[in-house]
Amino acid sequence: MSILLGILVLAILLVVGMRLAERLGYPFWYGLAIGVPVLNLFVLAAFASNRSPREARIEELEAEIERLRRGPPRQLTHDADGGAT
């Protein structure tokens, strides 16, 4: 009975670890390290202390939006049938 419980807990840890890695923007297999004793501590510390790829991409996009906002205003042009483009 305790072996089945251990397998169940390990399976839950692996699924949670893979989902966590995916949500942070890492490949899902990084989350498999959550199931390895001692290594899981280092992986969790790396997840918590490093800037994730998803956070880096968000910062790049925010910087791009800010750059576009500071740029010259867009000029509306009118086409031949009077519509603005």
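Colleague: Okay, which residues do the ring pairs link into a cluster?

Modeller: Keep in mind this is a predicted model. In it, ring pairs link Tyr 26, Trp 29, Tyr 30 and Phe 47 into a cluster.

Colleague: And how many aromatic pairs does the structure hold?

Modeller: The count is 3 aromatic pairs. One of them is Tyr 26 with Phe 47: the ring centres are 5.1 Å apart and the planes sit at 20°, so that pair is stacked.

Colleague: Where do Tyr 26 and Phe 47 lie?

Modeller: Tyr 26 is in the loop between α1 (2-24) and α2 (39-49), while Phe 47 is in helix α2, so the pair ties together parts that are 21 residues apart in sequence.

Colleague: Is Tyr 26 buried or exposed? And Phe 47, buried or exposed?

Modeller: Tyr 26 is buried, at 15% relative accessible area. Phe 47 is buried too, at 11%.

Colleague: What about Trp 29 and Tyr 30, are they stacked or edge-to-face?

Modeller: Edge-to-face, because their planes are at 70°, with the ring centres 4.6 Å apart. Trp 29 is exposed, with a relative accessible area of 51%, and Tyr 30 counts as partly exposed at 33%.

Colleague: Let's switch to α2. Which residues of α2 are buried?

Modeller: Asn 40, Val 43 and Phe 47. Looking down the axis of α2, those buried residues fall within an arc of 65°, so they line one face of the helix.

Colleague: Remind me, why would residues three or four places apart point the same way?

Modeller: Because an α-helix has 3.6 residues a turn.

Colleague: Last topic, the surface. Which residues make the nonpolar patch?

Modeller: Leu 5, Leu 8, Val 9, Ile 12, Leu 13 and Val 16 make it, and the patch is about 530 Å².

Colleague: Take Val 16, then. Which helix is Val 16 found in, and is Val 16 buried or exposed?

Modeller: Val 16 is in helix α1. Its relative accessible area is 51%, so Val 16 counts as exposed, the cut-off for that being over 50%.

Note on methods. Residues are numbered from 1 along each chain as its sequence is written. This is a predicted model: local features need pLDDT of at least 70, side-chain atom pairs count only at pLDDT 80 or more; totals for chains, interfaces and linings use all residues. Side-chain values use heavy atoms; hydrogens and water are left out. Rings of Phe, Tyr and Trp (its six-membered ring) pair if their centres lie within 6.5 Å; planes under 30 degrees apart count as stacked, over 60 as edge-to-face and the rest as tilted. Helices (H or I, at least four residues) and strands (E, at least two) are DSSP runs, numbered from the N terminus. Buried means under 20% relative accessible area, exposed over 50%, partly exposed in between (1.4 Å probe, protein chains only). Patches are made of residues with over 30% relative accessible area and no salt bridge: like charges are joined within 9 Å, nonpolar side chains (Val, Leu, Ile, Met, Phe, Trp, Tyr) within 5 Å. Accessible areas come from the Shrake-Rupley method with a 1.4 Å probe; for residues, only the protein chains shown count as cover. A salt bridge is a side-chain nitrogen of Lys or Arg within 4 Å of a carboxyl oxygen of Asp or Glu. The arc is that of the directions from the helix axis to the C-beta atoms.
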